[in-house]
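Dear colleague,

Please keep the structure open while you read.

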Amino acid sequence: MNAISNADDSCHCPKLCYRNFRRLISLLSMCLLLMLMLSASQSLMAADISGEWELAGSLKGDTSYARVTLKVDGNKLTGNLNEINLEGIITNNQLTFTGKRPGGKHFGDFKGTIGDNELRGTAVWPGERQVTWVATRPHAAPAEPRTHDFEPTEFHRVFSDAIPPVLHILPGDTVRTWTVDAGGVDSKGKNLSLGGNPQTGPFFIDGAIPGDTLVVKLKRVRLNRNSAGSGNQIVPTALSPGYVQNTKYKENFDAEWVLDHEKGVARLKNPSAHLTNYTVNLQPMLGCIAVAPPGHQAFRTGYLGSYGGNLDYNQLREGTTVYLPVFAHGALLFVGDGHAAQGDGELTGDALETSMQVEFSVDLLKGKSTGNPRAENDEYLMSLGIGNSLSDALQTATTELANWLQRDYKLEPNEAAVVLGTAMHYNIAEVVDPLVHVVAKIRKDALAALK
């Protein structure tokens, strides 16, 4: 104002005053034009937030994850947070929007700021919960899937999301690695860990969030040494009390095995009289495959549950695809406990325990949770039921397989009953661990004629 006043005071010539006035108008016009350009630039920046985001909402030290899709039209913002419908506005680089459930019920109010490659803000969720949130773009998939060669240097004896991941991988990627045996011994006979099924991993799968299903394709499960050890007594839980009481085992019975890769069989290293010619076909498998358990729980690697774990199912071998529900950000995949061969139930507590070379690829079924582990190979669909008793495990396995057919094959309940009642098989996979594992399975060729 002083500059303008001084100019007026010093102006004695009408023409000179008019020139100064025009200069002032020109200057103001340029300022207005710059402001309009800045506003347009901010609008363009807002348009850049359209598309996919991954949101992490934090409340009192705990974090939940969701996928967000946004669409910008002028200063209007719409989108979805999982099933929540979002609607709001953008003012400069500030976001304000509300979330409503599919039925229209109010979910929460959000405020945020557009930053460099991220959105950040606060929200009020149901129950007046004050949440801070950050949204980032999902990792872009490479032009070609990658293959990672991972050399483990430490092994873990719990399944937990508290363990830092050893490697970040993307859906479509392949990992080549190896495992120690259940006692912690590697392919060279070196003890690298305490026993109890030490695991390789965990592997963080970028983009995996709770509510997804992790798909693990076992591409190679191969022996990498010529020795194994097994149990030599039937576990008491599989026997009648009378047999347990009356049977006298030899404590010094040698259950070390030689693995003959060329002939594809295992034989006892020092066989007893009646087992001199006894051999077992080699069928390498993984006893353990797991994701981090739900609710930030941690379980010893002898346990099994909805997260997978010590499944000890002899069909979890090369060529099988395993489906595991995701409970933690990144899924956190563990593999280990290689067996050269195993009968149903792992009846002696230890199968032919050995180290293993493993190659697997991963993928994601986003927004679809199996609830319990499943598997398939070229011949079968397999539903894995885990419970406190044989009946609990059988009921879970049967229910999950029925749901599988009704969902993927669009069968009515009566139709699913007829198909399962005429074509289903059961395997008792595991009876020696803290929980019982039963597998309900059906041949794919029995389903081939279904519409």
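Both Phe107 and Trp125 are buried, where buried means under 20% relative accessible area, exposed over 50% and partly exposed in between, with a 1.4 Å probe and protein chains only. Please bear in mind that this is a predicted model, in which local features need pLDDT of at least 70 and side-chain atom pairs count only at pLDDT 80 or more, while totals for chains, interfaces and linings use all residues. Residues are numbered from 1 along each chain as its sequence is written, and side-chain values use heavy atoms, with hydrogens and water left out.

Rings of Phe, Tyr and Trp (its six-membered ring) pair if their centres lie within 6.5 Å, and planes under 30 degrees apart count as stacked, over 60 as edge-to-face and the rest as tilted. By this rule there are 13 aromatic pairs. One of them joins Phe107 and Trp125, whose ring centres are 5.6 Å apart with the planes at 45°, so the pair is tilted. Phe97, Phe107, Phe110, Trp125 and Trp133 form one aromatic cluster.

Phe150 and Phe203 form an edge-to-face pair, with 5.5 Å from centre to centre and 80° between the planes. Phe150 is buried at a relative accessible area of 14%, and Phe203 is buried at 0%.

Finally, a charge sits over a ring if NZ of Lys or CZ of Arg is within 6 Å of the ring centre and within 35 degrees of the ring normal. The charged end of Lys441 sits over the ring of Tyr380, 4.2 Å from its centre, and the charged end of Arg443 sits over the ring of Tyr380 at 5.4 Å from its centre.

Best wishes
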